[in-house]
Amino acid sequence: MSDFSIIGKPIAMVDAAGKTTGAGKYTDDLSVPGMLVGKILHSPYPHARIKRIDTRRAKVLDGVVAVVAGADAPKTYGILPVGHDETALAVDKVRYVGDNVACVAAVDEPTAEKALELIDVDYEVLPAYFDPEESMRTETDLIHNGKPHNIEKDYHHVFGEPEKAFAEADYVAEGRFIANEVTHAAMEPHSTLASFELDSHTGNLGRLTVWSSTQVPYYLQHKLSLVLEMPMFQIRVIKPLVGGGFGGKSEVIPLEIIAAVAARAARAAVKITYTREEVFWAHRGRPRTIVDLKTGVKHDGRITAVKARVVQDGGAYCSYGVVTILYSGALLGALYDIPNIQYDGYRVLTNKPACGAMRGHGTVNVRFAFESQLDEISAKLGIDPAEMRRRNLLKPPCVTINGLRVQSYGLPECIEQVVGRSGWKQRKGKLGKGRGLGLGCSHYVSGAANSIIRSDMPHSTVNIKIDRDGGVVVYTGASEIGQGSDTMTAQIAAEVLGCSLSRVKVVAADTDLTPIDIGSYSSRVTFMAGNATLRAAEEVKKQIASAAARKMNCAVEDLVFRDDSVFQKSAGKNSRVTSIEASASGRVEGQILRGSLQQKRKEEGSKAWMSFEEAVVAAIDFHGALTGTGSYAPPPEARGGKHKGAGVGPSPAYSYSAQVAEVSVDEDTGEVIVHKVWASHDCGRALNPVAVEGQIIGSVWMGLGQALQEEMVWKDGMLMNPGLLEYRSPSAIESPEIEPIIVESIDPEGPFGAKECSEGSLAATIPAIANAIYDAVGIRLHEAPFTPERVLAALRAKKNAKPINMTEGIDPTAPTRFREHGGSLWFRGKGPERHPLDPARRDTIVEAGGDD
Amino acid sequence: MKKELIELKVNGRTRELAIEPSKLLLDVLREDLQLTGSKRGCDDSSCGACTVLVDGTPMLSCTLLAASCEGQEVTTVEGISEHGSLAAIQKAYGDWGGAQCGYCTPGFMITVKHLLSVNPNPSEQEIRDALSSNLCRCTGYSQMYEAIKAAIEAEQKGTAAAN
């Protein structure tokens, strides 16, 4: 089918009205009768042994129903099978400021908060590690047993002969790049409501229902079963509307388990909603990454080899860490043709909140380093950066040196598009003092070809039910988190069945009702759940078609499903016109006069078209019931090589992006202003262009935040900016115009040719801006974000001018970034008194625990 | 704390409520009136997801005592739909991708409604200035400008109600 009726049309999200009217329900909007409020006691220390925990005083407070601590659910869990290092509540040790110690379930919030103060905990403070390179050197007081040198995992990959290739290169660039830690800061704070019901037969606690703000309801079901030691079938996870995830809800967040543990102890429903500060502690964002990168090239710009040593500051738990560090290496391939790669990756534990998956998982920081270095090389060799990239393109279909299969490859067109639209050739280097253009490229997976829990089971399954009412109900486990997953599902079902979107109802992400889908992460939903929907719809369509063909006395192949009707292709255009009219009235007739209408049609005998409802009724008459199932598992060819760690990186398809950023730099203040970003993205096929553009703009915009202003600032393991005012994501004022350009490469395996569109663009933005800054003022920034302080320091270094010490007289132990922002308040008693629980006061106070 | 009786006029309807004098307007709306459209995104009036109109002025209900709004007219996102249909701005936000996850959207609805009531034909800069009081983490704001322009156009043509 070449022309589509619904695919490729800009349409409003199916759930848009619920969002704009406030009628849509997110987890925190839900309540059940008798529901209690849960509040969590967090650790004030970055690393300490719990010597004693006494909850008795809290338990007797009026209004408190239950208090739980580590011993109430000591089973370990973690999102990765190799990383089961978390417990619901700390069992013996706390490992970061904000670690979970105990939870109170009480009748209301003030009571719960009061009870938290009555929990007595004795800590034995241990040495803590905040810098990954320092952490790697230690031998004692390890954060986790069995992780020597606090290294969670290290990988050493060699593909081809990098050393030889470096020797043969005409020019080798080397440099260290640092990207600081950022977090998702989704607008909806995490929330979970857990409720047990009593079992009719045993009289004891039976099934558990959990409503949660999650991107992965099925993983949550699995981890709850592990920790609560209950069979999975006894646990139902329902995902209401989710207010943004970006990876921050793509694993099991402590409160999700804690709420269930508290509900079990309280024998009542418990809801926990994080405060914004707790969201920052829960974190799981993008780790601070130190990249030592070396690239060898020939005179003509052809890359001969790349060597990267990557150290990630992973925080206190494994989380997705092993996957993150593997992505950082694996995604060196599949963007350009790199014949030789050496990769050494270290995921290091430190006493800070755990880092995990965040939009562009694993690839973003390394891409910043790589694209910046490529720009450096272009300048050195005098090759235009766009031409430099053209000379290193892959020649698909191909398999990269590190085992990634590339089929559709829209990168060349992406580059042409942004170069053309931005006036690159005419304008680059000619914009005057302090203004410049920069180019960056990136790519990303359309879902991981291997699931976290390795198996040959499908990654997505979709069921479709069509009944006499003519309604199409699609049951999918795919999690709508604002990216438009439900809309995509409805579109595909409607397109295949040739019915209007209003007929399709999507029932999603309820483990009791919907077949398994492993979740909304690694940009997998359109590709995998989309393919499963396509297959399910085709299966149902086949059944309808066989019945309709009998009625119409024609071959199945001769039938067309379109515009709420089924008609014979050979009947030509006239029948199409009739069928459209029929669909307009058919809906009403179908509801009210169905019986008589059907009778009438039956009597008429065979004809050239049927309404969708008639065809459905005919199929039900014929088959008894009308359901279809489709599932998707990535093909074996797409699952990557055989080396250790080869499971991460392979994807059935990759998206491609190229971006040009136009910036100006104020040489007096160091302020960088981004004026415009041209962002092209190869998404295979844009199923819903308005949604695709939204995803491109959103990714670029989030990359812009990381490039210019977002950074988590730490002092002794304390987060200095745990709020939306201090952790500054760009507001409307700071957000430039972003011109999204859709490139369609039509992937051979994607649903209607579609691929990823929600993450890949982010990674290109940071280097595009860095390279534009170079074009504007000739400085190469090696540390993100490019704050005025860093820009100014680089500008002065370039002029060999004395650095300005903006931190003179300020607490020398405070982090530089914090000092630069006026973190002098507490130094030499100038500011307000520190909180008694502030670890910086640990030597001045005798006992902490806060029983005031 | 002992509860007191207050009368609150929300979305044109007067309700009598027994609440603690220290209770925040956002909590009263969400818990006592089940108007969960207004959201809590932060706790320190930095995100704007809880924005409501108090006597026509956008206010952050997360840092406003409910009792202090007695005798004033409170409008929440639930009060924006017109005659049971989507208001032009609500329809346009859907059509133009102004809402993705939707969590910040109620706050934006109120902010935009207020902007258009005081300035029916704002320039792009004026729109940006007005929207800077609210944070969104999905959209990068761009598609919101399109939505607002479309809504203004629809209002002028009077076509919104047709949908």
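Mentor: Keep in mind that this is a predicted model. Let's begin with helix H21 of chain A, residues 788-798.

Trainee: Okay. Which residues of that helix are buried?
Mentor: A:Arg790, A:Val791, A:Leu792 and A:Ala793 are buried.

Trainee: What do the buried residues of H21(A) pack against?
Mentor: Three strands of chain A: E26 (654-665), E27 (672-682) and E31 (783-784).

Trainee: And what follows the helix?
Mentor: A:Asn800 follows H21(A). Its phi is positive, near 55°.

Trainee: Now the core. Which residues touch the most other members of the largest nonpolar core?
Mentor: Six of them: A:Ile258, A:Ala262, A:Val270, A:Ala493, A:Ile769 and A:Ile773. The core itself has 318 residues.

Trainee: Which helix gives the largest share of this core?
Mentor: Helix H15 of chain A, residues 525-552. It supplies 14 residues.

Trainee: Why would nonpolar side chains end up together?
Mentor: In soluble globular proteins, nonpolar side chains tend to be buried together.

Trainee: Let me pick one. What does A:Ala262 touch?
Mentor: Leaving out residues up to four places away in sequence, A:Ala262 touches A:Gly38, A:Ala66, A:Val68, A:Cys103, A:Ala105 and A:Val270.

Trainee: On to sheets. What is the strand order in the seven-stranded one?
Mentor: The order is E3-E5-E1-E12-E9-E10-E11, in chain A. This sheet is open, and the pairing is mixed.

Trainee: Which strands are at the edges?
Mentor: E3 (64-69) and E11 (235-238) of chain A. Each pairs on one side only. The twist averages 20° from one strand to the next.

Trainee: How many bridges join E1 and E5 of chain A?
Mentor: Six. E1 covers residues 36-42, E5 covers residues 100-106, and they run antiparallel. A:Ile40 stands opposite A:Cys103 in E5(A).

Trainee: Which helices pack on this sheet?
Mentor: Take H6 of chain A, residues 217-228. H6 touches E10 (205-212) and E11 of chain A, and its direction makes about 150° with that of E11(A).
Mentor: Then there's H7 of chain A, residues 254-266. H7 touches E1, E3, E5, E9 (191-198), E10 and E12 (270-273) of chain A. Its direction makes about 30° with that of E9(A).

Trainee: What about the sheet of three strands?
Mentor: That sheet is open too, with the order E22-E23-E24 in chain A and antiparallel pairing. Its edge strands are E22 (559-562) and E24 (609-611) of chain A. Neighbouring strands are turned by 15° against each other on average, direction ignored.

Trainee: How many bridges are there between E23 and E24?
Mentor: Three, in the antiparallel sense. The bridge partner of A:Phe567 in E24(A) is A:Trp609.

Trainee: What packs on that sheet?
Mentor: H15(A) does. H15(A) touches E22, E23 and E24 of chain A, and its direction makes about 125° with that of E22(A). Remember that H15(A) also gives the largest share of the core.

Trainee: Switching to domains. How is chain A divided?
Mentor: Domain 1 is 31-126 + 188-243 + 249-282. Domain 2 is 149-183 + 284-451 + 639-792. Domain 3 is 457-632, and domain 4 is 812-852.

Trainee: How far apart are the C-alpha centres of domains 2 and 3 of chain A?
Mentor: They lie 41 Å apart. The contact takes 21 residues from domain 2 and 18 residues from domain 3 of chain A.

Trainee: Which elements give two or more residues to the domain 2 side?
Mentor: Strand E18 (435-445) and helix H19 (689-708) of chain A. That side divides into 10 nonpolar, eight polar and three charged residues.

Trainee: And chain B? Where are its domains?
Mentor: Domain 1 of chain B is 4-79, and domain 2 is 88-157. Their C-alpha centres lie 22 Å apart. In the contact, 13 residues of domain 1 meet 11 residues of domain 2 of chain B.

Trainee: Last one. How many residues of chain B are in contact with chain A?
Mentor: 42 residues of chain B, against 43 residues of chain A. The largest share of the chain B side, four residues, comes from H2(B). That side divides into 18 nonpolar, 17 polar and seven charged residues.

Definitions and conventions
Residues are numbered from 1 along each chain as its sequence is written. Chains are lettered from A and ligands numbered from 1 in the order in which they are written. This is a predicted model: local features need pLDDT of at least 70, side-chain atom pairs count only at pLDDT 80 or more; totals for chains, interfaces and linings use all residues. A nonpolar core is a set of buried Ala, Val, Leu, Ile, Met, Phe, Trp, Tyr and Cys residues joined through C-beta atoms within 7 Å. A residue is buried if 20 or more other C-beta atoms lie within 10 Å of its own, exposed if 12 or fewer, and partly exposed in between; C-beta atoms are placed from the backbone. Two residues are in contact if their C-beta atoms, placed from the backbone, lie within 7 Å. Domain bounds come from an automatic or database domain assignment. Ala, Val, Leu, Ile, Met, Phe, Trp, Tyr, Cys and Pro count as nonpolar, Asp, Glu, Lys and Arg as charged, and the others, Gly among them, as polar. Two strands pair if DSSP finds at least two bridges between them. Axes are lines fitted to C-alpha atoms, for helices over the stretch in contact, and angles run from 0 to 180 degrees between N-to-C directions.
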